[in-house]
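The following exercises concern the architecture of a single protein chain. Each task is followed by a solution in steps.

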Amino acid sequence: MTKSWKDNAPITERQFADELMRYKRGSVSRRHFLQVTGLGLATAVLAGRTGAFTSSAFAQDLGTKMSLATWPNYHDPATFDAFTAATGVAVEVNVFGSNEEMLAKLQAGGAGWDLFVPTNYTISTYAKLGLIDELDLSKLPNFDPASQNARFTSEGTIDGKTYALPKNWGTTGMAINTSKVKAPVTTWKEFFDIAMGEADGRVMVHDYQLTTIGNALVALGLGFNSVDPDDLKKAEELLIKVKPHLFAINSDYQPSMRSTDAWMTMCWTNDGAQLNRDMPEIAFLLGKDGGEIWCDFYAIPKSATNKPAGYALLNYLMDPAVAVKEHLANGAPTTDSRVMALLPADVTSNKIIYPDEAALTPLEFGAATTLTDPGRAEVMARFKSA
């Protein structure tokens, strides 16, 4: 039988995934799932430690619903079930495929989000535009800056002010169904070549200019973050050339990879870990010629209508006992040493999730200038409409 967190023996990634699938299929009750995975006890421990969820007056201040904007396949639904059980606040989850979409939504006003998940390179822009609040860390006692890896988390703080707290870090690589694609794929140049060859009609790229344009640039021997017009022209030529051979342009690629309608895709760490866990023939590889390393954060929009609930959920997610379950479910690497200590060995030794330093060396963090660069936006628009 699967052991729970309360037994002081963390369950393995595979055990957690099996229990999650049973819960999603309706084979077991929510109560059973929360008990065997430890999420139920994590809620109780958090409530006992902070007192935040035990006061009916405080619970009333949180309202009955809140909204989270995030990425595909990025959270365990049971985490939000547990939060709702503890607070009475239902969490509405809105999924987006790019940071540009999120920025445009907030700039247009009326997004209605109380918490959202921006990527490292975007935070300075959000702060400069006055779209996110400086965080009141006194309302986030579960966050411990001393336990964070500054390599990934520094961009959440600007001029000494904290605007965002880290969710997890990761990489952008390639997911390849090795039972379908036999040619070796080790670089982004090979990725695009095979998309027009052996995997014709079976390849997906992100609906996200940073990675789709960035990886095309890398394939041409250029910089991932380049905004040079000549470089962008060359990247556009490659993308236009490959487009007739693509299966789709979509940042939610798991369904197509699982059905084998797609054989190869640009892929984020967490999706790569999930796909490989469930379908071992799907490999996840990083480009030897470069690519992206990233860190996602939680931030509270200035326009949030239920900031108390936003703070409550953010504080809940910062608790290591809760965060470890999120990491087991979504497969992304943690920035928090407290969470790292709770993860089972089969996760911390997984090279998809925690690659060797040599594999990370060629990768670049996204640059803030790419988010609002008109040249990149125009290239992506022409590529999608071609």
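Helices, taken as DSSP runs of H or I with at least four residues, are numbered from the N terminus. The model is predicted.

**Exercise 1.** Describe the overall make-up of the chain.

*Solution.* Step 1: the chain contains 20 helices and 12 strands. Step 2: of its 386 residues, 56% are buried. Step 3: among contacts between residues at least 6 apart in sequence, 76% join residues at least 24 apart.

**Exercise 2.** Locate Thr370 and determine whether Thr370 is buried or exposed.

*Solution.* Step 1: Thr370 belongs to helix α19, residues 369-372. Step 2: buried means under 20% relative accessible area. Step 3: the relative accessible area of Thr370 is 0%, so Thr370 is buried. Step 4: the side chain of Thr370 reaches the backbone oxygen of Ala367 at 2.7 Å. Step 5: leaving aside residues up to four places away in sequence, Thr370 touches Tyr121, Gln209, Leu210, Asn225, Val227 and Arg376.

**Exercise 3.** Characterise the packing of helix α11 against helix α20.

*Solution.* Step 1: two packed helices are described by the angle between their axes and the distance between the axes. Step 2: for α11 (residues 229-242) and α20 (residues 374-385), the angle is about 15° and the axes are 10 Å apart. Step 3: angles under 35 degrees count as roughly parallel, and therefore α11 is roughly parallel to α20. Step 4: the crossing of α11 past α20 is right-handed. Step 5: α11 contributes Leu232, Glu236, Leu239 and Ile240 to the contact, while α20 contributes Gly375, Arg376, Val379, Arg382 and Phe383.

**Exercise 4.** Identify the residues with the most contacts inside the largest nonpolar core, and examine Phe191.

*Solution.* Step 1: the largest nonpolar core has 108 residues, and those with the most contacts inside it are Leu115, Phe116, Phe191, Phe192 and Leu313. Step 2: helix α14 (residues 307-317) supplies the largest share of this core, seven residues. Step 3: with residues up to four places away in sequence not counted, Phe191 touches Met174, Val185, Val203, Met204, Val205, Met264, Thr265 and Met266.

How values were computed. Residues are numbered from 1 along each chain as its sequence is written. This is a predicted model: local features need pLDDT of at least 70, side-chain atom pairs count only at pLDDT 80 or more; totals for chains, interfaces and linings use all residues. Side-chain values use heavy atoms; hydrogens and water are left out. A nonpolar core is a set of buried Ala, Val, Leu, Ile, Met, Phe, Trp, Tyr and Cys residues joined through side-chain atoms within 4.5 Å. Buried means under 20% relative accessible area, exposed over 50%, partly exposed in between (1.4 Å probe, protein chains only). Helices (H or I, at least four residues) and strands (E, at least two) are DSSP runs, numbered from the N terminus. Contact means heavy atoms within 4.5 Å. A polar contact is a pair of N or O atoms within 3.5 Å; within protein, one must be able to donate a hydrogen and the other to accept it, and residues adjacent in sequence count only if both atoms are side-chain atoms. Axes are lines fitted to C-alpha atoms, for helices over the stretch in contact, and angles run from 0 to 180 degrees between N-to-C directions. Angles under 35 degrees count as roughly parallel, over 145 as roughly antiparallel, 65 to 115 as roughly perpendicular and the rest as oblique. A crossing is left-handed if the near helix is turned anticlockwise from the far one by less than a right angle, and right-handed if clockwise.
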